[in-house]
Amino acid sequence: MPERVGIEVSLAASEAACSADADVIAAYPITPQTHIVEHLSELVADGKLDAEFVPVESEHSAMSVCIGSSAAGARTFTATSAQGLALMHELLFIAPALRTPIVMTVANRALSGPINIWNDHSDIMAERDVAWIQTFAENGQEVFDLIIHAFRVAEDPEVLLPMMVNLDGFTLSHVIEPIEMLSAAEVRKYLKPFKPQMVLDPKKPITMGPVGMPEVYTEARQQIESVLLNSKRVVVEAWKEFEKLYGRRYRPVETFRTRGAEVILLTMGSVSETAMTAVDALREKGIRVGLMRFRLWRPFPLAEFKRAVKGAKVLAVLDRAISYGSQGGPVFTEVRSALFGEADPPQVFGFVAGLGGRDITVEMFNEMVTKATRYAKKKKGPLYEMIGLRER
Amino acid sequence: MMDAAIANFKNFTPKNLPTVEPLAQGHRACQGCAEVLALRMALKAIGNNVIVASATGCMEIITSPYPQTAWKVPWIHVAFENAAAVASGIEAARKALMRKGKIPKQRTTIVAMAGDGGTADIGLQALSGALERGHDFVYICLDNEAYMNTGIQRSSATPFGAMTTTSPPGKLSMGQATWKKNVPAIAAAHNIPYVATGSPAYYTDLMNKAKKASLIKGPAYLHLYSPCPTGWRLAPERAVEISRLAVQTNIFPLYEVINGQYIMSRKIKKPKPVEEYLKLQGRFRHLDKKTIRQIQQRVDKEYEALLQKAALSEGTEESTDQADK
């Protein structure tokens, strides 16, 4: 097994794309994703990664280049954040429809306005419905591993969908962590060369991206949905295979001290490490609290989620984004809907915190647990609540 | 100055026209569509060893209503404003895959195609980026001078005075109030090796330019005049005639810019008055004498400026094309 080295997580993400031997990288710089593309361009400039680095003039073109590249049969990687992801929005729907298995890391950041370069999940939550497989990393090792995993899943002939690996901007992307980085040779044991099923080749002409009239559009969209839902099996299998080869285990839903827990906190991303600290302290005080987090967000791991919350009385959901004019944060509304009609479900309460780089502290998790418990006793609470909102 | 890649290029003549048809007949274009005609000519010249990335637009919808396709060569449509970027990706992919021994080493022409809206307006940024990065590809702008696919709305390539559904003449309006954006000049300003204008009325000239564009290594830009009888309120059988008139009136001059050198493809000794061109089209029917005079002055001035650029270019060679004589 390789040694752990101290490295900035962004650089580790680039090293993962390098070990995966990406053929084409097209990216546009945006804070806090910049270190990823800078390092990739260095790896190409130094001849460590044999790839075409396409320094595009916008994220819209970044994704367009990626689609063209993947359609021409190249293993394709990109990275973006916030406004960049939003600028790609139109194309994010098209990449899965053309079955182009692009891998993209998203350094999660707040959307404007006001303009804000710091971490939350408003960028990615606005792209929930684009038919990309989406995973969320908690730490640097996971970022590296999930990128390798993403290539394997995306390029699986049964999947052929693009995949996003999310990491929190700054709070994860810019920290230095000890990471075990797999070499290209080690990755080759896990990741076979990309064999596209349909490719733009003058020897075997195909028409990609034709007009879908009303007679075929519904079926075309349904097929994408069905492929995305079926991809979960491949996602899970690929994690099992990863564990066999490299010893690290990943699951769609991760739980921490949920056995016998009455209250479960639900988080995503790197803030889960703070949440674990909070859970440990609360358990010390005899409060029966546990933590779960989604590693896989799309396709939604419904069965795993239900298993994880079974037996709990209260579910306190943390959202790092507002779903304007809705009935709570995007994660909250989704999990509450997932539990509707279940026998003896936990009461679900939503909390929004940590927007635009505002810290989420252990105390905030304590507050969420206390409030959710109180609301549950009264069987009544606000639809959702903002934690750490200043009065003036 | 002749680029090495085209130094030995033998011109097409009416006697040796290519027989390949990368774009099949039986597509759904309107009667008299000279856009699909220009596209067909360009593709015939380029041949079957090609991959085409198309923008959204007339040419995309008429050739690809699933489950039918008019494309006998690999073709991809992604969105409206990004044909140049998609082509960039295809080119980059093939370059990497060839270098890494994953596909056979063989040069294939990568074509990006879009209408004037997809080029001069919404796709201008992606085009500029691709030209600046120096990808080895051919960009074809099929200029029918408005957003025809959506119902004849004005673009920045719509000529002054033209009636469109968003530049209607009225009490306070004489139609399109701005002068046509000069995209070939913008392309040439990127210092790319090849820029040319072409017209379906001068088919060997158009085909020679398309072939040269594909032979030259690096970015090439072709601006093809593409009459739209439906949008121009023109009799469908007059699409080629109007194409010829556009050249003979100096409204759409034919030229090449090879490595920065302007070369006139044909010098019009006695240009016809623009009115002869304008009067055949319903989109100009409302123009008064004063506006027509204004257009004439502008056309004369622009043509003179073009001739000066050509005169400044050293070693100016006239095209050997004979089709018009």
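Predicted model: local features only at pLDDT ≥ 70, side-chain atom pairs only at ≥ 80, totals over all residues.
The side chain of B:Glu302 forms a salt bridge with that of B:Arg298, with an N to O distance of 3.0 Å. B:Arg298 is likewise partly exposed, at a relative accessible area of 26%.

Both B:Arg298 and B:Glu302 belong to helix H12 of chain B, which spans residues 289–312, and they are four residues apart, about one turn of the helix. An α-helix has 3.6 residues a turn, so residues three or four places apart point the same way.

Over all chains, the count comes to 37 salt bridges. One of them joins A:Glu334 to A:Arg298, where the closest N and O atoms are 3.0 Å apart.

B:Lys217 is exposed, with a relative accessible area of 60%, whereas B:Asp136 is buried, at 14%. In chain A, a network of salt bridges links A:Glu138, A:Glu142, A:Arg251, A:Glu254, A:Arg293 and A:Arg295.

## Helix H12 of chain A

After H12(A) comes A:Gly341, which has a positive phi, near 85°.

## A buried glutamate in chain B

B:Glu256 is located in strand E9 (residues 255–258) of chain B. B:Glu256 counts as buried because its relative accessibility is 5%, which falls under the 20% cut-off.

Two polar contacts involve the side chain of B:Glu256: one with the side chain of B:Tyr194, at 2.5 Å, and one with the side chain of B:Lys212, at 2.7 Å. Leaving aside residues up to four places away in sequence, B:Glu256 touches B:Tyr194, B:Val195, B:Ala196, B:Lys209, B:Lys212, B:Gln261, B:Tyr262, B:Ile263 and B:Ser265.

## The interface between chains A and B

Contact between the two chains involves 43 residues of chain B and 40 residues of chain A. Together the chains bury about 3,000 Å², of which 61% is on carbon and sulfur atoms. On the chain B side, B:Tyr66, B:Lys100 and B:Arg133 lose the most area to chain A, together 17% of what that side buries.

Eight salt bridges are counted between chain B and chain A. B:Lys100 also takes part in a salt bridge with A:Asp21, in which the closest N and O atoms are 2.9 Å apart. Strand E1 (50–54), helix H3 (58–63), strand E2 (75–77), H4 and helix H6 (124–133) of chain B each supply at least two residues of the side that touches chain A. The largest share of that side comes from H4(B), with twelve residues. By residue class, the chain B side divides into 20 nonpolar, 13 polar and ten charged residues.

## Nonpolar cores

The largest nonpolar core has 120 residues, and those touching the most other members are A:Met63, A:Met292, A:Phe294, A:Phe305, A:Leu315, A:Val335 and B:Ile76. Helix H4 (residues 83–99) of chain B gives the most to this core, with ten residues. Another core, of 53 residues, lies apart from it and includes A:Leu43, A:Leu49, A:Trp239 and A:Tyr246.

With residues up to four places away in sequence not counted, A:Met63 touches A:Thr78, A:Met88, A:Leu91, A:Leu92, A:Ile102, A:Met104 and A:Trp132.

How values were computed: Residues numbered from 1 in each chain as written. Chains lettered and ligands numbered in written order. Heavy atoms only, no water. Core = buried A, V, L, I, M, F, W, Y, C linked by side-chain atoms within 4.5 Å. Buried < 20%, exposed > 50% of the residue type's maximum accessible area, 1.4 Å probe, protein only. Contact = heavy atoms within 4.5 Å. Buried area = accessible area lost by both parts, 1.4 Å probe. Salt bridge = Lys/Arg side-chain N within 4 Å of Asp/Glu carboxyl O. Nonpolar A, V, L, I, M, F, W, Y, C, P; charged D, E, K, R; others polar. Polar contact = N/O pair within 3.5 Å; in protein donor to acceptor, adjacent residues only side chain to side chain.
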